[in-house]
Amino acid sequence: MTGQLERMRVFLGVADQKSFAAAARAQHLSTSVVTRYVSELERELGAQLLVRTTRRVSLTRPGEDYAEAARAILDEVEAANARAKQTQETLTGELKVSAALSLGVRLLPKALARFRAQHP
């Protein structure tokens, strides 16, 4: 069984595309996987989220509410991921450089100035 967040993403893809096949193509999944994920989600929630006809897919009222909440949750997860990545990419701490005096006088001022400009 796949994770709750993945099923939410797949469900939102179907809701946005109004098509299982289009959502499957957009998410690089098979249509049967998309159908299974949405069915698992509906079964788990005990609510029908989508109305399926031969020509279209539309959200039920519970589906609209769930889509809104799921979108907010996934946005928060993405923001948390971005913050965690940014923390890892940001340089912090003290930089210590050891070099011969002649090298330090000639090359380090320019190199340190560039470094400070890139990493304030």
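# Legends to the close-up views

**View 1. Glu 44 and its salt bridge with Arg 7.** Glu 44 has a relative accessible area of 43% and is therefore partly exposed; this class lies between buried, under 20% relative accessible area, and exposed, over 50% (1.4 Å probe, protein chains only). The model is predicted: local features need pLDDT of at least 70, and side-chain atom pairs count only at pLDDT 80 or more, whereas totals for chains, interfaces and linings use all residues. Residues are numbered from 1 along each chain as its sequence is written, and side-chain values use heavy atoms, with hydrogens and water left out. The closest N and O atoms of Arg 7 and Glu 44 are 2.5 Å apart, a salt bridge being a side-chain nitrogen of Lys or Arg within 4 Å of a carboxyl oxygen of Asp or Glu. Arg 7 belongs to helix α1 and Glu 44 to helix α3, so this pair ties together parts that are 37 residues apart in sequence. Helices (H or I, at least four residues) and strands (E, at least two) are DSSP runs, numbered from the N terminus. Arg 7 has 3% relative accessibility and is buried. In total, the structure holds eight salt bridges.

**View 2. The salt bridge between Glu 78 and Arg 9.** The side chains of these two residues meet at 3.3 Å, N to O. Because Glu 78 lies in helix α4 and Arg 9 in helix α1, the pair ties together parts that are 69 residues apart in sequence. Both partners are shown with their accessibility: Glu 78 is partly exposed at 43%, and Arg 9 is partly exposed at 31%.

**View 3. A salt-bridge network that includes Arg 61 and Asp 65.** Asp 65 and Arg 61 form a salt bridge in which the closest N and O atoms are 3.3 Å apart. The two residues are four residues apart in helix α4, so about one helical turn separates them. Asp 65 is partly exposed, with 39% relative accessibility, whereas Arg 61 is exposed, with a relative accessible area of 55%. Salt bridges with shared partners join Arg 61, Glu 64 and Asp 65 into one network.

**View 4. Helix α1 and the residue that follows it.** Helix α1 covers residues 4-17, and its end C-alpha atoms are 20 Å apart, in agreement with the 20 Å that its 14 residues should span at 1.5 Å a residue. The expected span is 1.5 Å times one less than the number of residues in the helix. Buried residues of α1 include Met 8, Val 10, Phe 11, Leu 12 and Val 14. After α1 comes Lys 18, a residue other than glycine with a positive phi near 55 degrees. Lys 18 is placed in the loop between α1 and α2 (20-26) and is exposed at 55% relative accessibility.

**View 5. His 28 in the loop between α2 and α3.** The phi of His 28 is positive, about 55 degrees, although this residue is not a glycine. With 74% relative accessibility, His 28 counts as exposed.

View 6. Glu 42 is buried, its relative accessibility being 12%. A polar atom of the Glu 42 side chain lies 2.8 Å from the backbone nitrogen of Leu 49. When residues up to four places away in sequence are not counted, Glu 42 touches Ala 47, Gln 48, Leu 49, Leu 50 and Arg 52, contact meaning heavy atoms within 4.5 Å.

**View 7. Val 57 in strand β2.** This strand runs over residues 57-59. Val 57 has a relative accessible area of 8% and is buried. Apart from neighbours within four places in sequence, the residues in contact with Val 57 are Val 14, Lys 18, Ser 19, Phe 20, Leu 50 and Val 51. Val 57 and Glu 76, 19 residues apart in sequence, are separated by 27 Å in space, C-alpha to C-alpha.

**View 8. A nonpolar patch on the surface.** Leu 91, Leu 95, Val 97, Leu 112 and Phe 115 make up this patch, with about 430 Å² of accessible area together. Val 97 is found in the loop between α4 (61-89) and α5 (101-106) and is partly exposed, at 45% relative accessible area. Patches consist of residues with over 30% relative accessible area and no salt bridge; like charges are joined within 9 Å and nonpolar side chains (Val, Leu, Ile, Met, Phe, Trp, Tyr) within 5 Å. Accessible areas come from the Shrake-Rupley method with a 1.4 Å probe, and for residues only the protein chains shown count as cover.

Methods. Polar contact = N/O pair within 3.5 Å; in protein donor to acceptor, adjacent residues only side chain to side chain.
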